[in-house]
Structure formats: C-alpha cells, structure tokens
Amino acid sequence: MPELSRRRALTAAAVLAGTAGALPALAPAAAAAGHHDSRETFDEVYKGRRIQGRPTAGAGHHHHGAGYAVFVDGVELHVMRNADGTWISVVSHYDPVPTPRAAARAAVDELQGAPLLPFPAN
C-alpha cells in the first residue's frame, strides 16, 4: 500500500469537506420534494384545461414516470421523476417541479392554449 503523502491527505480532506458541505444544501430540496405526496390522484380544471393524474399498476412503456400517469385534456403527458424526487414533463423538461400535478400545471402554462400532441412511444 502506498504511503500517505501530504498531497493525498489534503486531497482526501478537501473531498470530505466538500461532501459534508454539500449535504446540508441538498437536504432542504430533498425534504421539500418528499413533503408533497406525488402518489395522490387528481382531476381538476386548470386555466380551462382538464388535468388528471393517477398512480398506475405497472410502469408500462412510460417507465420513467415511476408508475404514474398524467393527462392534459385526455392526452397523456409524458412525465419523469428525477433522482431528487422532483418531476419534469416532455413539455417543461428544464423546469423541475415537486409533484406530477405541478408538472401538469406547468405544461398547461407552457402550452399557452395549444393542444398537447401524443408523445410517440418507441
């Protein structure tokens, strides 16, 4: 085993300090994401559009949605759950939100009245 040099000791200390400093910053985001129940069923009219969401028994071909289906005016909105617990959709891909309901609302906002087209499944 190689001898511990000063450079390796400082590098290891810097990595540990950086990791320890990042954990408190990540904790509030993870706690906020876990605060909302993303498994709830919803059915509402938002800005004149009907949005629905419900857990699904199997992941099916939309496996990124973690067993959850979201619809805008009856058309499925492809959603995906991120590793940190936030959700994104094919319409608002770069704007993570805490729940599938929020993803549906963000999609309606982004669509600005345009119809949601079905996402082709490969």
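User: Happy to be looking at this one with you! In what order do the four strands of the open sheet run?

Analyst: Good place to start. This is a predicted model, where local features need pLDDT of at least 70, side-chain atom pairs count only at pLDDT 80 or more, and totals for chains, interfaces and linings use all residues. Residues are numbered from 1 along each chain as its sequence is written, and side-chain values use heavy atoms, with hydrogens and water left out. Strands here are DSSP runs of E of at least two residues and helices are runs of H or I of at least four, numbered from the N terminus; two strands pair if DSSP finds at least two bridges between them. The pairing in this open sheet is antiparallel, and the order is S1-S2-S3-S4.

User: Which are the edge strands?

Analyst: An edge strand of this sheet pairs on one side only. S3 (residues 68-72) pairs with S4 over three bridges, and Phe71 stands opposite Glu76 in S4. At the other end, five bridges join S1 to S2. The edge strands are S1 (42-46) and S4 (75-77).

User: Which residue of S2 stands opposite Asp43?

Analyst: S1 and S2 run antiparallel, and their hairpin has two residues between the strands. In that hairpin Lys47 takes a positive phi near 50°. The residue opposite Asp43 is Gln52.

User: Is Val45 buried or exposed?

Analyst: In a regular strand the side chains alternate between the two faces of the sheet. S1 has a covered face with Phe42, Glu44 and Tyr46, and an uncovered one with Asp43 and Val45. Buried means under 20% relative accessible area, exposed over 50%, and partly exposed in between (1.4 Å probe, protein chains only). Because its relative accessible area is 63%, Val45 is exposed.

User: At about what angle to S1 does helix H2 run?

Analyst: Axes are lines fitted to C-alpha atoms, for helices over the stretch in contact, and angles run from 0 to 180 degrees between N-to-C directions. Contact means heavy atoms within 4.5 Å. H2 (residues 100-111) lies across S1, S2 (49-55), S3 and S4, and its angle to S1 is about 25°.

User: How far apart are the end C-alpha atoms of H2?

Analyst: The expected span of a helix is 1.5 Å times one less than its number of residues. The twelve residues of H2 should therefore span 16 Å, and the model agrees: its end C-alpha atoms are 16 Å apart.

User: Why does Ser92 count as buried?

Analyst: Ser92 is found in the loop between S6 (87-89) and H2. Ser92 counts as buried because its relative accessible area is 8%.

User: What share of the protein chain's residues count as buried?

Analyst: Let's finish with the whole chain. The protein chain has two helices and six strands, running α-β-β-β-β-β-β-α from the N terminus on. Of its 122 residues, the share that count as buried is 30%.
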